[in-house]
Amino acid sequence: MNEVINWPDRKKYFMFGCIPSRLLIAISCLYVSKKFVTAQAIVTLLIALTFLTLWTFKLRLNASEGGGETWWHDYRFPHGILYLIASFALFTDNRMVAFGALLVDVLLGIHAFMYKYDYYNKLSQ
């Protein structure tokens with residue numbers, strides 16, 4: 001049922017799906033209409049709880065988008081905490097803090113990907 005996604009497609013999904021989606025969520029904290037801030041806070045809270053639930057109960061450890069391995073499992077905890085911070089910041093109408101927390105989340109995701117696939121060594125050669 002879960003067919004493993006090949007490396008070139010995984011890389012595309014990450015670079016053109018995962019990272020832009022997270023960046024859009026982060027940027028939207030600054031521009032969302034005031035009447036939708038609470039809705040966005042709820043959405044970020046649900047994302048945070050999902051990350052933390054997956055991490056706590058070690059769920060979905062063989063993700064097809066990870067080549068059959070959820071190598072980012074250990075990063076779920078900091079992702080969840082950053083989304084909790086963003087959610088709290090949005091609930092208290094502190095959009096810049098929410099944006100900052102989610103921007104750190106994007107950078108963490110990029111770092112994790114580059115570290116896992118040895119891009120740091122490839123860049124230094």
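## A buried threonine

Thr 70 is buried, its relative accessible area being 6%. That places Thr 70 under the 20% cut-off for a buried residue. Keep in mind as you look around that this is a predicted model.

Where does Thr 70 sit? Its place is in the loop between α2 and α3. Setting aside neighbours within four places in sequence, Thr 70 touches Arg 60, Leu 61, Asn 62, Ala 63 and Arg 76.

## Helix α3

Helix α3 covers residues 76-91. With 16 residues, α3 reaches 22 Å from first C-alpha to last, close to the 22 Å expected at 1.5 Å a residue. After the helix comes Asp 93, which has a positive phi, near 60°.

## A nonpolar patch on the surface

On the surface you will find a nonpolar patch formed by Trp 55, Phe 77, Ile 81, Ile 85 and Val 97. Together they have about 390 Å² of accessible area. Helix α3 supplies the largest share of the patch, three residues.

Ile 85 is a member of the patch and lies in helix α3. Ile 85 counts as partly exposed because its relative accessibility is 39%, which falls between the 20% and 50% cut-offs.

Notes
Residues numbered from 1 in each chain as written. Predicted model: local features only at pLDDT ≥ 70, side-chain atom pairs only at ≥ 80, totals over all residues. Heavy atoms only, no water. Patch = residues over 30% accessible without salt bridge, like charges linked within 9 Å, V, L, I, M, F, W, Y side chains within 5 Å. Areas by Shrake-Rupley, 256 points an atom, 1.4 Å probe, with all protein chains shown as cover. Salt bridge = Lys/Arg side-chain N within 4 Å of Asp/Glu carboxyl O. Helix = DSSP H or I, 4+ residues; strand = E, 2+ residues; numbered from the N terminus. Buried < 20%, exposed > 50% of the residue type's maximum accessible area, 1.4 Å probe, protein only. Expected span 1.5 Å × (residues − 1). Contact = heavy atoms within 4.5 Å.
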